Amino acid sequence: MDEVYHIPAMLHETIAGLAVKPAGTYVDVTFGGGGHSRAIMNGLTQDGGRLFSFDQDIEAFQNAQLQMADGKWPTGNASWTFVHSNFRYLRNWMDYYGVTAIDGLLADLGVSFHHFDCPERGFSFRFSAPLDMRMNQTAKRTAADIVNSYSEEDLARIFYLYGELNNGRAIAKNICRARGQKAILRTEDLVSASHIPAERSKELARLFQALRIEVNDELGALREMLVAARDLLAPGGRIAILTYHSLEDRLVKNFLRSGNLDGTIEKDFYGNILTPFTLIEKGREATPEEVAVNPRARSAKLRVAEKRTDL
Ligand SMILES: C[S@@+](CC[C@H](N)C(=O)[O-])C[C@H]1O[C@@H](n2cnc3c(N)ncnc32)[C@H](O)[C@@H]1O
């Protein structure tokens, strides 16, 4: 396992936003290197405190076990449970553990440093590797499956929507032409098939991001988790979400404003807004000081909401 699994973004602001209750029940749906989970555990200072940490990548759990063996895990009063699962099954797992209400939920979306730094996982164009990109290594569909089987139209849509690549159509066309000659199976095959020159590294990063989002159905999982979180949160409970690209941020923003996936704000007869949330943080960004030491925090946006107590 690598030295630094992940550096959590906006750690202080996120934990402050959650306002951890010392005996509360919390869920961190994106455990990663456990930085946010550890901070929540440190706030659970009274008996009865519980934290459930989800990650669909088993390597996150293996890393947590190493942290424990090294004595780097809080040993307070709270209980901690790791759930090796996609967070889209949040509701089912909470039912399984007999949890009917939670005081807070944290989601720090996307991938960890570990994913980018592990050459063989295929998340980065910096390394030669099989074109994989699965966060859950037991999932069936890899990035190579998508690149070699989707229609040109579908590839163009993904590149435009998830990678915000204005030249998504041209890239999809290049890829389809290249795969007609030889299957695209490795990261370097994709780079060369896309015809994006190596010096346009931002564009390559966006191409890889777009595929990663599709491979892991990141937006589908996020939608399901948001609905489950809304229903599980106790009145006064907090939800804190860190997003890293505009599409997921828009989804979270609209959901927290409206309480539903359509983003439709409902009003009662008197014109009072019926959303279940009060907004606490509306897209806060990392400080320049943090970005200087953790450049990935540059694109992070923190949104926090509290479940209303008056509905
Ligand atoms: C940005 S990292 C989280 C870092 C973490 N907050 C920390 O302090 O180290 C995101 C993590 O969430 C996991 N993840 C992403 N989407 C997931 C999903 N739908 N279900 C479960 N885990 C997911 C990834 O495997 C990754 O380890």
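The largest pocket of the predicted structure has a volume of about 1100 Å³. Its lining is made up of 30 residues, and those closest to the centre of the pocket are F116, A205, Q209, R296 and S299. When this lining is sorted by class, eleven residues are nonpolar, nine are polar and ten are charged. Among the elements of secondary structure, α5 (113-117), α10 (201-215) and α12 (246-258) each contribute at least two residues to the lining of the largest pocket, and of the elements it is α10 that gives the most, with seven residues. The position of the pocket can also be described in terms of domains: residues of domain 1 (11-113 + 218-307) and residues of domain 2 (140-215) both take part in the lining, and the largest pocket therefore lies between these two domains.

The space inside the largest cavity amounts to about 370 Å³, and 30 residues line it, with T30, D108, L109, G110 and M135 lying nearest its centre. Two or more residues of this lining are supplied by each of the elements α2 (35-43) and α11 (218-232), and α11 gives the most, with three residues. By class, the lining of the largest cavity consists of eleven nonpolar, 14 polar and five charged residues.

The arrangement of the helices was examined next. In general, two packed helices are described by the angle between their axes and by the distance between the axes. For helix α7 (residues 152-163) and helix α8 (residues 168-181), the axes come within 8 Å and cross at roughly 135 degrees. Because of this angle, α7 is oblique to α8, an angle having to be over 145 degrees to count as roughly antiparallel. The crossing of α7 and α8 is right-handed.

A second pair is formed by α11, which also gives residues to the lining of the largest cavity, and α12, which also supplies residues to the lining of the largest pocket. The axes of α11 and α12 come within 11 Å and cross at roughly 20 degrees, so α11 is roughly parallel to α12, given that angles under 35 degrees count as roughly parallel. For α11 and α12, too, the crossing is right-handed.

Notes:
Residues numbered from 1 in each chain as written. Predicted model: local features only at pLDDT ≥ 70, side-chain atom pairs only at ≥ 80, totals over all residues. Heavy atoms only, no water. 1 Å grid on protein atoms, 1.4 Å probe; cavity = no way out; pocket = protein on both sides within 12 Å on 5 of 7 lines; lining within 4 Å. Points joined across faces, edges and corners; volume = space filled by probe spheres on them. Helix = DSSP H or I, 4+ residues; strand = E, 2+ residues; numbered from the N terminus. Nonpolar A, V, L, I, M, F, W, Y, C, P; charged D, E, K, R; others polar. Domains from an automatic or database assignment. Axes fitted to C-alpha atoms, helices over the stretch in contact; angles between N-to-C directions. Parallel < 35°, antiparallel > 145°, perpendicular 65-115°, else oblique. Left-handed = near helix turned anticlockwise from the far one by under 90°.
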